[in-house]
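Here's a walk through one model, from the inside out to the charged pairs. Have the viewer open as you read.

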Amino acid sequence: MPKIHVFDHPLIQHKLTYIRDIETGTKEFRELVDEVATLMAYEITRELPLKEVEVQTPVCKAKSSVLAGKKLGIVPILRAGIGMVDGILKLIPAAKVGHIGLYRDPETLQPIEYYVKLPSDVSERDFILVDPMLATGGSAIAAVESLKSRGAKNIKFMCLIAAPEGVKALTDAHPDVDIYIAAMDEKLDEKGYIVPGLGDAGDRLFGTK
């Protein structure tokens, strides 16, 4: 069964409040999303494997630890997921970045894939799939399927805000994908938007309507 992690760190919750606020402008919204992504990346990488190495300090030789295991990949779901990438790269700058373009049909609410570009060594990487919102779950499910069809085996999904309906849909479709959330909201409304949510993350990140 997948693990569902909801981060209750005070800094994350504080910044998330201002991300939700309708009075927060584009510049500040973008900066806050970037900061929360960094804080979440700190938590999502907590279980990365380590190996012991020997280094020469200014005093003596010492045994210490460095990251071991597979290389990492970050994959934002376009377009809003882009707003979370730089925040993660601050902690793991060697990670490669892919992109999956999906949009939700306004009538059927089903995802439509229009672009995929991934690192060439997909099967050798662990992936963090990112999108600010997990609403119906359709886009996340489609993005995970897109990664798996190209050889990805270890995928984590990270978002700012999720609805219970989306979490259930994603876990039902991909029980091997752990989910990392800054906040679990109340529900979806009749249009498929998260309540209370934060509005349209892409529009707020890029100043569009």
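## Salt bridges

A salt bridge here is a side-chain nitrogen of Lys or Arg within 4 Å of a carboxyl oxygen of Asp or Glu. Keep in mind that this is a predicted model. K71 and E124 meet that cut-off, with their side chains at 3.6 Å, N to O. K71 sits in strand β4 and E124 in the loop between β7 and β8, so this pair ties together parts 53 residues apart in sequence. K71 is partly exposed at 41% relative accessibility, and E124 is partly exposed too, at 43%. Salt bridges with shared partners link K71, D121, E124 and R125 into one network.

Searching the whole structure turns up 11 salt bridges. One of them pairs D34 with K90, at 2.4 Å from N to O. That pair also links distant parts of the chain: D34 is in helix α2, while K90 is in the loop between α3 and β5, 56 residues apart. Buried or exposed, what are D34 and K90? D34 is buried, with a relative accessible area of 13%, whereas K90 is exposed, at 54%.

## A pair within α2

E31 and K27 form a salt bridge as well, 2.7 Å from N to O. Both belong to helix α2 and are 4 residues apart, about one turn of the helix. An α-helix has 3.6 residues a turn, so residues three or four places apart point the same way. E31 counts as partly exposed at 37% relative accessibility, and K27 is exposed at 58%.

## The nonpolar cores

The largest nonpolar core has 36 residues, and I19, M40, I88, M158, L160 and I161 touch the most other members. Several elements give two or more residues to this core, including α1, α2, β4, α3, β8 and β10. Which element gives the largest share? That's α2, with 8 residues.

Leaving out residues up to four places away in sequence, M158 touches A37, M40, A41, I44, M84, I88, I128, L129, V130, D131 and Y180. Apart from this core lies another one, of 25 residues, with L118, A140, A142 and F157 among them.

Now look at α3. Its buried residues are G83, M84, V85, G87 and I88, and they pack against α2, β4, β5, β8, β10 and α6.

## Loops and cis peptides

T24 lies in the loop between α1 and α2. At 9% relative accessibility, T24 counts as buried. Beyond its neighbours within four places in sequence, T24 is in contact with Y18, F29, L32 and R204.

You'll want to check two peptide bonds. L78 and R79 are joined by a cis peptide bond, with omega at about 5°; R79 is in the loop between β4 and α3. A cis bond also joins V195 and P196, with omega at about 0°, and P196 is in the loop between β13 and α6.

## Strands and surface

Strands β2 and β3 run antiparallel and are joined by 7 bridges. A hairpin of 4 residues connects β2 to β3. K51 has V66 as its bridge partner in β3.

Strand β7 supplies the largest share of the patch, 3 residues. I112 lies in β7 and is partly exposed, at 31% relative accessible area.

Methods
Residues are numbered from 1 along each chain as its sequence is written. This is a predicted model: local features need pLDDT of at least 70, side-chain atom pairs count only at pLDDT 80 or more; totals for chains, interfaces and linings use all residues. Side-chain values use heavy atoms; hydrogens and water are left out. A nonpolar core is a set of buried Ala, Val, Leu, Ile, Met, Phe, Trp, Tyr and Cys residues joined through side-chain atoms within 4.5 Å. Buried means under 20% relative accessible area, exposed over 50%, partly exposed in between (1.4 Å probe, protein chains only). Contact means heavy atoms within 4.5 Å. Two strands pair if DSSP finds at least two bridges between them.
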